[in-house]
Amino acid sequence: MSGPGGLPGLLKDGYKHLSGVEEAVIKNIEAGKQLSQITRTSVGPHGMNKMVINHLDRLFVTSDAATILQEMEVQHPAAKMLAMAATTMEGELGDGTNLVVSLAGELLAQAEDLIRQGLHPSEIVEGYKKAADKAIELLPSYKLDFKVDIRDVNSVAKALKGVIASKQYGYEDVIAPLIAKACSDVCPDNGNNFNVDNVRVCKVAGGGLAKSSVVSGMLLKRGVEGTVTHLSDVKCVVYGQAVDTVCTETKGTVLITNAAQLESYSKSEEDKMEEYIKGIADAGAKVVVGGGTFGEMALHFIERYGLMAIKITSKFEMRRFCRATGALGLVKNEPPTPDQLGYIKDISVQEIGDTIVTVVKQDDKVGKLATILLRASTDNILDELERAVDDGVNTFKTLARDCAVLPAGGATECALSHGLTEFGKTITGLDQYAVGKFAKALMVVPRVLCENAGINPEEALPMLNAAHAGGNFKAGINVEELGVIDLHEQDIVDVFEVKNWAIRLAADAAITVLRVDQIIMAKQAGGPKSRGPGGDEE
């Protein structure tokens with residue numbers, strides 16, 4: 001018996017099929033535009049925060065596009081392409097995610113105008129490809145004469161001010177030097193090998209940002225297990241499990257008939273533990289680090305031999321501790337050999353605010369690890385500061401590879417827009433319209449900076465265009481008052497690699513969406529239906 005013909009005969013019942021310009025292309029463009037509308041209001045120093053509650057009911061109040069997109073859990077396939085491009089940007093450079101989504105969304109919006117005017121998506125794609133290649137070609141011509149020495153804290157702090165100002169406007173002069181000092185301290189001789197994991201953040205609520213500092217070593221947000229709270233120039237041993245008596249894997253029965261046998265049984269257990277702790281002390285270790293609980297008997301002998309006991313439950317923190325001290329993590333409770341020990345310059349227990357922390361200060365020659373201690377009044381502010389620090393550390397990594405910088409404040413985008421407009425005039429085919437729209441889309445950055453700062457873009461953008469037409473490619477938007485300004489004079493710059501990758505990824509994401517002409521969705525697998533925001537089944 002033959003089934004229905006055509007597409008219904010190919011797919012199972014319950015599928016969805018959308019095709020054509022109106023159903024597939026325009027709907028995909030709308031999804032991309034909606035996503036960019038969400039994130040673009042967070043662009044720049046006056047960007048607005050978003051309040052996102054994820055599926056675990058955790059609250060995020062942030063203007064960081066990477067966090068917003070990650071916690072939103074975007075479902076629309078076309079919008080997800082933009083989110084994936086932003087995720088790639090975050091993984092590659094750690095910054096510029098909002099630029100990718102905003103620019104890609106604007107490219108799709110401009111493409112919609114051309115489609116409604118009668119251009120085919122393939123002609124728009126070709127024009128966008130030419131425009132993106134030309135933009136990448138023009139970008140190096142706008143590099144600034146701004147020397148960045150990654151070994152010099154002041155030089156690095158100046159280069160990071162622009163990145164920090166876009167997240168924590170007004171505090172860039174406080175945060176940038178902290179990041180610069182931490183990164184410069186741990187940067188290896190070959191800057192290309194800089195590892196962002198070597199700069200950690202410890203958040204302690206209370207106090208103000210001015211009380212933040214940099215520690216050459218580690219900060220553990222817990223105290224020690226015993227009474228010894230301060231040691232200097234000591235060796236340490238690290239165990240990946242609990243420091244306690246070893247239990248057998250199988251159950252056994254011991255028959256004790258009198259008090260003497262009971263006493264000797266307990267005594268043999270004590271002797272074994274004392275032999276174990278004495279072996280650690282004889283090996284020269286004064287600090288014992290365990291990945292689990294310290295038993296009462298083990299703590300008793302640790303105290304008797306004057307050792308310090310620290311419990312680290314996170315395996316990631318344990319690895320960093322080993323990297324910082326040069327110790328080898330042991331998986332058996334046995335006395336260490338000399339080559340398995342690590343070295344600690346100074347370790348002490350301190351009270352910061354109302355939080356007990358263990359400060360492990362280290363010598364650069366042993367393990368290059370730095371921790372930025374952040375202080376603020378609330379946990380939400382601390383989380384935002386941590387995101388700003390993460391962006392700054394990733395920017396340092398980018399600068400260590402390529403220290404080229406570009407004008408900030410929408411200056412680079414405006415200069416590229418002028419260059420692409422002139423380039424479009426040299427093209428004779430229908431591609432020239434797409435190139436012109438690409439140039440127009442780049443102006444979304446200065447426009448959004450104006451809108452988010454409460455400045456009328458209809459007044460500010462003509463001033464910006466006039467400055468660039470006069471040959472001043474450094475002129476950017478002044479977010480404090482109506483007008484243009486050379487932010488380079490205030491040490492506010494954009495990183496070349498971030499702009500380079502953002503234009504590539506935004507163009508690729510927009511082109512990928514425009515190439516789709518049919519959407520075929522299979523019926524979802526069985527299971528309980530998702531609940532709506534009000535708790536009712538959809």
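User: In this predicted model, which helix holds Ser-155?

Analyst: Ser-155 has its place in helix H6, which runs over residues 153-165, and the model in which we see this helix is a predicted one.

User: Why is Ser-155 called buried?

Analyst: The relative accessibility of Ser-155 is 10%, and a residue counts as buried when this value is under 20%, so Ser-155 belongs with the buried residues. If we set aside its neighbours within four places in sequence, Ser-155 is in contact with Lys-147, Val-148 and Asp-149.

User: Where is Met-51 found, and what makes it exposed?

Analyst: Met-51 is found in strand S2, and because its relative accessibility is 63%, while exposed means over 50%, Met-51 counts as exposed. Together with Ile-53 and Leu-59, Met-51 forms a nonpolar patch on the surface, and the three residues have about 320 Å² of accessible area together.

User: Why is Asp-57 called exposed, and what is its phi?

Analyst: Asp-57, which lies in the loop between strand S2 (50-53) and strand S3 (59-62), has a relative accessibility of 67%, and since the cut-off for exposed is over 50%, Asp-57 counts as exposed. Its phi is near 65°, a positive value in a residue other than glycine. Most residues other than glycine have a negative phi.

User: How do you know that Asp-233 is exposed?

Analyst: Asp-233 is found in strand S7, residues 230-239, and its relative accessible area is 54%; exposed means over 50%, and therefore Asp-233 is exposed. The phi of Asp-233 is near 50°, which is again a positive value in a residue other than glycine.

How values were computed:
Residues numbered from 1 in each chain as written. Predicted model: local features only at pLDDT ≥ 70, side-chain atom pairs only at ≥ 80, totals over all residues. Heavy atoms only, no water. Helix = DSSP H or I, 4+ residues; strand = E, 2+ residues; numbered from the N terminus. Buried < 20%, exposed > 50% of the residue type's maximum accessible area, 1.4 Å probe, protein only. Contact = heavy atoms within 4.5 Å. Patch = residues over 30% accessible without salt bridge, like charges linked within 9 Å, V, L, I, M, F, W, Y side chains within 5 Å. Areas by Shrake-Rupley, 256 points an atom, 1.4 Å probe, with all protein chains shown as cover. Salt bridge = Lys/Arg side-chain N within 4 Å of Asp/Glu carboxyl O.
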